[in-house]
Amino acid sequence: MERKQRNAKRAQWRKRRTRVVKRLGRSERPRLTVFRSAKHIYAQLLDPETGRTIAGVSTRTPSLRSEEGDKVAAARRVGAAIAELAKQNQIEEVVFNRNGFLYHGRVKALADAARESGLKF
């Protein structure tokens with residue numbers, strides 16, 4: 001892919017991401033933010049006041065890396081793992097930030113697994 005195309009795609013993603021975050025607004029609840037790359041998916045809980053990461057997990061986490069399956073199954077494992085970390089930190093309700101990615105496929109699988117594990121959005 002040509003450099004200009006790559007930069008244009010990245011600029012479009014940044015625009016979508018900004019629009020989604022702006023629509024979420026300021027909330028008292030922690031934010032569950034998702035980032036999806038071609039190979040991996042990352043999820044982190046962010047403190048609403050300071051913006052610091054409370055907990056994070058991804059398909060690159062050693063405990064999740066070795067397991068087999070497709071990318072959607074890996075996203076489900078990440079969703080369940082982030083819900084467990086939230087419970088350990090006494091967090092029951094979050095605001096879901098899809099970060100400009102479509103709510104479909106791996107992002108949806110992560111969100112559904114987090115909900116099944118007891119996290120409320």
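**Figure 1. Arg115 is partly exposed, at 39% relative accessibility.** Buried means under 20% relative accessible area, exposed over 50%, and partly exposed in between (1.4 Å probe, protein chains only). This is a predicted model: local features need pLDDT of at least 70, side-chain atom pairs count only at pLDDT 80 or more, and totals for chains, interfaces and linings use all residues. Residues are numbered from 1 along each chain as its sequence is written, and side-chain values use heavy atoms, with hydrogens and water left out. Arg115 meets Asp112 in a salt bridge (3.5 Å, N to O). The term covers a side-chain nitrogen of Lys or Arg within 4 Å of a carboxyl oxygen of Asp or Glu. Arg115 and Asp112 are 3 residues apart in helix 4, so about one helical turn separates them.

**Figure 2. Lys108, Asp112 and Arg115 form a network of salt bridges.** The closest N and O atoms of Asp112 and Lys108 are 3.1 Å apart. These two residues lie 4 places apart in helix 4, which means a separation of about one helical turn. Asp112 is partly exposed at 25% relative accessibility. Lys108 is partly exposed too, with a relative accessible area of 36%. Helices (H or I, at least four residues) and strands (E, at least two) are DSSP runs, numbered from the N terminus.

**Figure 3. A salt bridge joins Glu93 and Arg29.** The N to O distance is 3.7 Å. The pair links distant parts of the chain, 64 residues apart. Glu93 sits in the loop between helix 3 and strand 4, and Arg29 in the loop between helix 1 and strand 1. Glu93 is partly exposed, at 39% relative accessible area. Arg29 is also partly exposed, at 33%. The structure holds 4 salt bridges.

Figure 4. Strand 1 (residues 31-36) and strand 2 (residues 41-46) pair antiparallel over 6 bridges. Pairing requires at least two DSSP bridges between two strands. Val34 stands opposite Ala43 in strand 2.

**Figure 5. Asn99 is buried, at 9% relative accessibility.** Asn99 lies in the loop between strand 4 (95-97) and helix 4 (106-116). Its phi is positive, about 65°, although Asn99 is not a glycine. A polar atom of the Asn99 side chain lies 3.2 Å from the backbone oxygen of Val34. Leaving aside neighbours within four places in sequence, Asn99 is in contact (heavy atoms within 4.5 Å) with Trp13, Arg17, Val20, Thr33, Val34 and Phe35.

**Figure 6. Asn97 is buried in strand 4.** Its relative accessibility is 3%. Residues up to four places away in sequence not counted, Asn97 touches Val20, Val21, Leu24, Arg31, Leu32, Thr33 and Val34.

**Figure 7. Gln90 is exposed, with a relative accessible area of 69%.** Gln90 lies in the loop between helix 3 and strand 4. Its phi is positive, about 55°, although Gln90 is not a glycine.

Terms used. A polar contact is a pair of N or O atoms within 3.5 Å; within protein, one must be able to donate a hydrogen and the other to accept it, and residues adjacent in sequence count only if both atoms are side-chain atoms.
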